[in-house]
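Here is a short note to read alongside the structure. Please keep the 3D view open as you go through the points.

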Amino acid sequence: MTEFGQALVNAIMLGGFYALMVIGFSLIWGVMGVINLAHGEFVVVGAYLTWFMNRHVGWEPFVALVVVIPVMFALGYLVQRVLINRIIDRPPLVSLLVTYGLAILIANSLKLAFTGTPRSVTTALSGFWRVADVTIPVVKTIDLMLALAMMAALSLLLTRSRLGKAIRAAAQNRRAARMVGIEIGSVFAVTFGIGIALTGAAGTLFSLTQPIAPFVGLPLTLRAFAITTMSGLGNISGALFGSMALAAVEVFVGTYVPGVGTNLGLVATFVVLVVILITRPQGLFGGLPPAEE
Amino acid sequence: MGDNAGGTPVLELEGLYAGYDDADVVKGLDLRVDEHEVACVIGPNGAGKSTVFNVIYGFIPVRAGRIRFRGEDITASSPREMLNRGITIVPQQRSLFPQMTVVENLEMGMYLERDRQLVRQRIDYVLELFPDLAGRVKQEVGTMSGGEQRMIEIGRALMWAPRLLLMDEPSAGLAPKISATVLDTVQRLNKQLGLAVLLIEQNARQGLRISHRGFVMELGTVSHTGTGAELLADPEIRLAFLGGSRLRS
């Protein structure tokens with residue numbers, strides 16, 4: 001029973017991280033129709049930024065979010081304006097190739113800048129609580145709370161603000177959005193900025209639980225793709241549920257199938273993904289349709 | 001039809017050329033719409049009717065010629081600039097945001113307006129014009145019928161209190177009865193509000209019936225022009241576009 005309880009807690013904690021990690025990917029895909037294959041690398045950039053602030057400025061990793069979020073927003077805005085905006089109306093293969101190239105560029109630039117040596121952050125919040133023989137790490141609990149708070153903030157932005165309505169309008173009907181006076185280029189750049197800012201924030205959470213290295217981004221992109229496909233594009237509550245489900249599959253398979261570690265958990269995740277794609281191609285929860293035109 | 005139609009031009013197209021890739025689709029088009037009047041463009045498929053709207057609204061570039069709105073040169077204006085001048089459009093293809101509610105779609109018609117009170121007043125005004133929508137403001141428009149969606153599109157275009165409304169085949173894809181209702185609504189708005197309307201209509205008989213002025217477009221240019229009644233009575237037009245049948249005026 002303790003083992004089950006521990007696995008459940010671990011799954012919830014991991015699911016919270018996945019949810020924040022995936023939502024930027026889902027938002028960009030849902031609004032702009034761009035599958036960002038450099039997504040995992042942006043998580044890693046956020047993690048390195050956190051490490052830098054932690055190692056060289058002495059900040060707690062969570063405090064580094066005040067730098068990571070605006071810097072990553074600016075980076076995302078710039079990448080959209082300079083690169084993505086030029087290919088937005090081209091066939092999907094073009095954006096796949098361009099973002100794949102961007103992933104290689106980022107990973108190798110990180111290796112040049114920080115070498116391949118894994119880096120770790122230090123935190124004063126490394127303790128844990130014990131509840132009925134189940135260990136609850138403080139850091140992962142804060143991770144979960146921050147992830148939920150940022151998703152709630154995004155949800156409010158999309159449903160309550162003028163900018164959020166413009167983003168939703170651009171996602172649902174790009175031509176009609178132009179007709180009502182929305183500057184599509186600006187909305188897309190801000191959307192990309194928000195998506196990358198959230199992704200960078202996920203990098204901060206990542207840095208607290210795993211070693212940071214230049215080439216750890218790809219598995220994160222794969223998970224983001226799997227969760228988004230399961231959840232539906234741009235669907236925040238769906239992304240949260242899909243993340244929890246994927247984390248549960250990974251953790252429970254890793255816990256109860258002896259001798260396989262987490263790798264089989266990842267394999268099991270993709271088996272679930274394939275089954276969902278065959279039986280319900282629109283995802284489990286619908287969500288925004290792909291961008292038109 | 002509005003009694004005070006005619007006189008001052010609200011929209012003038014002069015020698016307009018536009019197209020796609022290497023081909024000109026619109027070739028030296030001249031067209032004029034006066035204040036408070038409904039003008040209708042009819043013509044066969046491929047004549048370039050919809051391209052004219054795409055050019056006017058800045059979706060595709062003008063290759064040659066001029067577009068004037070109330071005497072001001074607006075050639076190559078963006079959709080946002082058109083909106084700011086008081087020109088709105090109801091395009092042929094569905095232009096709503098399907099996962100937003102009726103009221104959210106109407107609000108989007110005044111996206112550029114920051115005065116929330118004015119937006120609310122305009123919503124009330126549009127709901128008065130379309131009372132059938134009033135009880136369904138919270139419904140997602142993607143779940144509504146084609147005719148209802150067309151009414152919302154027209155309502156959204158009216159939110160901005162336009163001086164000129166461009167409508168590209170508003171009755172396309174609708175059942176005949178609904179189609180007639182939509183065109184009657186256009187006529188009612190023209191009478192009630194004095195709104196100038198440039199209409200493209202595949203259903204030539206219905207379109208000309210409600211129009212002060214008509215244009216027949218063939219091969220990218222205007223081949224015939226006259227009042228709606230004159231074109232309805234023209235034997236050549238009747239044969240080519242109205243099935244050669246006896247007409248009601």
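1. Start with the core. This is a predicted model. Its largest nonpolar core holds 163 residues. Four of them touch the most other members: A:L20, A:I23, A:A170 and B:L166.

2. Which helix gives the most to this core? The answer is helix α1 of chain A, residues 2-32. Helix α1 of chain A supplies 16 residues.

3. Now look at the domains of chain B. Domain 1 covers 1-86 + 163-249, and domain 2 covers 95-161. Both give residues to the core, so the core lies between them.

4. Pick out B:L166, one of the core residues named above. Leave aside residues up to four places away in sequence. B:L166 then touches B:F53, B:I56, B:Y57, B:I87, B:I89 and B:L198.

5. Turn to a helix pair in chain A. Helix α6 spans residues 162-172, and helix α8 spans residues 184-209. They pack at an angle of about 105°, with axes 10 Å apart. That angle makes α6(A) roughly perpendicular to α8(A).

6. Which residues meet there? From α6(A) come A:L163, A:A166, A:I167 and A:A170. From α8(A) come A:I184, A:V187, A:F188, A:V190 and A:T191. The contact has 8 nonpolar residues, 1 polar and no charged.

7. Finally, check where the chains touch.

Terms used:
Residues numbered from 1 in each chain as written. Chains lettered and ligands numbered in written order. Predicted model: local features only at pLDDT ≥ 70, side-chain atom pairs only at ≥ 80, totals over all residues. Axes fitted to C-alpha atoms, helices over the stretch in contact; angles between N-to-C directions. Helix = DSSP H or I, 4+ residues; strand = E, 2+ residues; numbered from the N terminus. Parallel < 35°, antiparallel > 145°, perpendicular 65-115°, else oblique. Contact = placed C-beta atoms within 7 Å. Nonpolar A, V, L, I, M, F, W, Y, C, P; charged D, E, K, R; others polar. Core = buried A, V, L, I, M, F, W, Y, C linked by C-beta atoms within 7 Å. Buried ≥ 20, exposed ≤ 12 C-beta atoms within 10 Å, placed from the backbone. Domains from an automatic or database assignment.
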